[in-house]
Amino acid sequence: MKGKESKAQILWKLFKATFMLSAFTFGGGFVIVSLMKKKFVEELKWLEEEEMLDISAIAQSSPGPIPINASVILGYRMAGIVGSLVAILGTAIPPMIVISVIAYFYEEFRNNPVINIALQVMRAGVAAVIFDVVLNLAKNVCKTKRILYIGLMVCGFIATAVFDISAMIVILCCLIIGIIDLIIDTKTKGRE
Amino acid sequence: MILLQLFFSFIQVGLFSVGGGYAAIPLIQNQIVDVHGLMTLSEFTDLITIAEMTPGPISINSATFVGTRLAGVPGAIICTLGCILPSFFICLALAFFYYKYRNFSGVQKILASLRPAVVALIASAGLSILLLGLFNAEGSEIVLSNFRPVECILFVGAFIILRKYKASAISIIFGTGVVGTIIYLVIQYI
């Protein structure tokens, strides 16, 4: 984290970033998580990649909307409780404005051909951004050269993409495997 | 009175929807359609369609939509607040513990095995939105003849620009939206 920036500057940047991400994110929680990774790790360089992944895992495992959960933790990391509140506002305001406007004339909205085309083609852009992020992340998992981690990643992908197993169960299984890994590690170190 | 009822309904939605937006949908349906009878099922189905089509977290979208329909702008604010409140306190506590203990080697080891899982989950989310883009259908409903070449070109183009020029996510999403819409409109009017 850069020490030069004042707290007000950080809060403003945090608000702007979460607001823009929320305004342009379609679909489920992991879409916004990958956009956050691109924004906060690659563009702003505020966080380490591992940290962003940890935040994603925590956000996924706690109740409530994933983007809000991730914003709370991210905001807390950048500027304490005030940061959390600012990040929540940034994430919540765009959908609130868009939806309350749409709620009044949603028949017209749903049947408007141009809006429908725009929303459909934007998915291609969102998918491209996610695959860009995934490629970087997967490269780094492979760089650990631990078969366990690479295996967890491949199995996790197959489990969710092919067998439709819920994200929660995948995280839980990896948590248990992590704990077993830790126990084995401490035991072998104890013997040495 | 309805505001209070909505507030408590959405606190429950926020508190019990573990696993993101799609987990919240049945909970909201239960609260709004089944328990309190505030909406009909077909209205609710419309709501889900809109919440998925528009940007932002699905549960926030649904909360705002239900609130606006039932009690105007104050309703939208109350429902969203209710939905966010449990998240705020729980995640604040988790963030506190995470930053306090994350440098312990044991915690590091466990977190290290969670990270590949998150990468897998992001990849899987990416694949489903790509399929949605290329076929305009989900999973088992995909029909090969519905393949959309325009979206495929947009995807490949956007991906190349991202890898080569490190473009920002928002400019890419906005750009594909504009370029894609123009292409479709041009095709229609030729």
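**Chatting through a two-chain model**

Biologist: Where is Lys166(B) found in chain B?

Modeller: Lys166(B) sits in the loop between α6 (149-165) and α7 (169-189) of chain B. Keep in mind that this is a predicted model.

Biologist: Okay, and what is the phi of Lys166(B)?

Modeller: Its phi is positive, about 50 degrees, although Lys166(B) is not a glycine. Most residues other than glycine have a negative phi.

Biologist: Is Lys166(B) buried or exposed?

Modeller: Lys166(B) counts as exposed because its relative accessible area of 67% is over the 50% cut-off.

Biologist: On to chain A. Which phi does Lys145(A) have?

Modeller: A positive one, about 55 degrees, and Lys145(A) is not a glycine either. Lys145(A) belongs to the loop between α6 (113-143) and α7 (147-161) of chain A.

Biologist: And is Lys145(A) buried or exposed?

Modeller: Exposed, with a relative accessible area of 73%.

Biologist: New topic: where does Ser84(A) lie?

Modeller: Ser84(A) is in helix α4 of chain A, which covers residues 66-104. Ser84(A) is classed as buried because its relative accessible area is 0%, and the cut-off is under 20%.

Biologist: What does Ser84(A) touch?

Modeller: Leaving out residues up to four places away in sequence, Ser84(A) touches Val72(A), Gly75(A) and Tyr76(A), plus Phe88(B) and Leu92(B) from chain B.

Biologist: Nice, that brings in the other chain. How many residues does the contact take from each of chain B and chain A?

Modeller: 88 from chain B and 99 from chain A. Between them the chains bury about 8500 Å², with 77% of that area on carbon and sulfur atoms.

Biologist: How many salt bridges are there across the interface?

Modeller: The rule finds four. One salt bridge joins the side chains of Asp54(A) and Arg115(B), at 2.8 Å from N to O.

Biologist: Which helix gives the largest share of the side of chain B that touches chain A?

Modeller: That is α4(B), with 25 residues. By class, this side of chain B has 54 nonpolar, 26 polar and eight charged residues.

Biologist: Last one: what does the domain assignment of chain A give?

Modeller: Domain 1 (7-125) and domain 2 (144-192). Taken over C-alpha atoms, the centres of these two domains of chain A are 28 Å apart.

Technical notes: Residues numbered from 1 in each chain as written. Chains lettered and ligands numbered in written order. Predicted model: local features only at pLDDT ≥ 70, side-chain atom pairs only at ≥ 80, totals over all residues. Heavy atoms only, no water. Helix = DSSP H or I, 4+ residues; strand = E, 2+ residues; numbered from the N terminus. Buried < 20%, exposed > 50% of the residue type's maximum accessible area, 1.4 Å probe, protein only. Contact = heavy atoms within 4.5 Å. Domains from an automatic or database assignment. Buried area = accessible area lost by both parts, 1.4 Å probe. Nonpolar A, V, L, I, M, F, W, Y, C, P; charged D, E, K, R; others polar.
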